[in-house]
Amino acid sequence: MKRIAVLTSGGDAPGMNAAIRAAVRKAIHGGCEVFGVEYGYTGLLKGQMKIMRYEDVGNIMQRGGTILKTARSTQFPTPEGQDMAMRELTRREIEGVVIIGGDGSFRGAQLLAKRGIKVCGVPGTIDNDIFGTDYTIGFDTACNTVLDAINKIRDTASSHKRIVIIEVMGRDSGWIALAAGLAGGAEFVIVPEIPHDLDFVSDKIIRGMNSGKEHSIVVVAEGAAHGFEVGERLRVSTGYDTRVTVLGHIQRGGSPSAFDRILATRLGAAAVDALLGGETNAMVGLVGNQVAVTSLDVVVNQKRGLDVSLYELEAIMATRLVKT
Ligand code: ATP
């Protein structure tokens with residue numbers, strides 16, 4: 001394989017630049033020419049791509065977002081859109097594509113694989129919801145952003161003995177809420193994967209406050225409930241003042257953590273290794289701290305579940321046993 005393309009697709013995530021850098025430099029190291037495609041599949045079908053040199057990916061590792069830009073393309077899923085993409089790839093004799101994105105992007109990658117282009121996915125999304133990897137690129141940075149907010153909100157919440165509700169991203173996944181709640185010492189974490197009962201949450205908060213807690217923090221995953229609705233319900237049922245913070249897109253930005261940079265570097269390089277080794281229709285992930293290659297047919301048809309033992313641990317940490 002002499003020519004490889006790299007693109008980022010779907011929602012951006014901190015660490016995507018480190019993955020681009022790793023893929024470009026590993027491919028050059030392996031004797032390939034590398035094309036950087038702008039705006040994901042939208043740019044691919046328009047031929048919006050240029051050769052990337054070693055130095056073109058310098059000074060990007062520490063930056064959030066993606067220098068290649070990203071997009072969601074409605075045209076690519078159509079046969080005509082794929083015809084256009086294939087024309088642009090074959091015209092340049094590009095045989096392999098590294099696709100950094102989420103499961104939607106990998107479904108697109110499967111279609112390219114069916115048409116004979118070798119593809120390898122790299123899981124880049126803050127949601128940590130991709131099967132075949134213990135962590136997705138961007139998740140750790142997003143959790144640290146939430147944690148920073150929790151630390152600050154905790155200061156003001158204890159001064160006023162308030163309940164604070166922090167709504168976090170993750171779409172249908174509760175991973176960010178759970179990890180940030182566990183690391184931030186939340187009283188309760190509401191996630192889509194596990195049913196919740198606000199009366200139970202309310203009782204737990206009242207018991208905690210009665211036993212001397214200075215504040216209560218509830219982390220709500222956007223896919224489970226609306227922060228403002230939870231806040232209003234808890235205000236009425238507990239009688240305590242509530243404040244709601246919806247963190248929103250700050251969770252998608254920022255300089256990637258060391259963990260995300262290392263993960264992205266390992267996986268970006270591993271994707272090139274996989275392509276040069278003849279793999280296709282595959283995704284590289286980290287499983288038990290080892291790089292693992294999983295078929296995209298498996299990746300897109302399975303959901304990465306929440307670690308329920310972490311949820312239980314979080315609940316235990318936030319429960320004060322009252323002596324009877
Ligand atoms: P994130 O999880 O961060 O949103 P994602 O990769 O899941 O990332 P999507 O918007 O679902 O984001 O997908 C990105 C692009 O991949 C889409 O705009 C579309 O062009 C392509 N794509 C998504 N689903 C399919 C599909 N079923 N078939 C072909 N292409 C698809």
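**Reading helices, burial and backbone angles**

Me: What covers the buried residues of H1?

Reply: Among the elements over them are strands E1 (3-8), E2 (33-37), E4 (96-101) and E5 (118-123), along with helix H9 (258-276). Contact means heavy atoms within 4.5 Å. Buried means under 20% relative accessible area, exposed over 50%, and partly exposed in between (1.4 Å probe, protein chains only). Helices (H or I, at least four residues) and strands (E, at least two) are DSSP runs, numbered from the N terminus. This is a predicted model: local features need pLDDT of at least 70, side-chain atom pairs count only at pLDDT 80 or more, and totals for chains, interfaces and linings use all residues. Residues are numbered from 1 along each chain as its sequence is written, and side-chain values use heavy atoms, with hydrogens and water left out.

Me: How many residues of H1 are buried?

Reply: 10 of its 14 residues are, so H1 is largely enclosed by the rest of the structure. They include Met 16, Asn 17, Ile 20 and Arg 25. Just after H1, Gly 31 has a positive phi of about 90°.

Me: What describes two packed helices?

Reply: The angle between their axes and the distance between the axes. Axes are lines fitted to C-alpha atoms, for helices over the stretch in contact, and angles run from 0 to 180 degrees between N-to-C directions. Here H6 (residues 175-184) and H11 (residues 308-317) pack at about 40°, with axes 10 Å apart. H6 and H11 are therefore oblique to each other. Angles under 35 degrees count as roughly parallel, over 145 as roughly antiparallel, 65 to 115 as roughly perpendicular, and the rest as oblique.

Me: Which residues make the contact of H6 and H11?

Reply: H6 brings Trp 175, Leu 178, Gly 181 and Leu 182; H11 brings Leu 310, Tyr 311, Leu 313 and Glu 314.

Me: Now two loop residues. Is Asn 128 buried or exposed?

Reply: Asn 128 counts as buried, at 0% relative accessibility. Asn 128 sits in the loop between E5 and helix H5 (139-160). Its phi is near 55°, a positive value in a residue other than glycine. Lys 69 also has a positive phi, near 65°. Lys 69 is in the loop between strand E3 (49-51) and helix H3 (79-91). Lys 69 is partly exposed, with a relative accessible area of 40%.

Me: Where does Val 291 lie?

Reply: In strand E11 (residues 290-295). At 36% relative accessibility, Val 291 is partly exposed. Leaving aside neighbours within four places in sequence, its contacts include Arg 266, Leu 267 and Ala 270.
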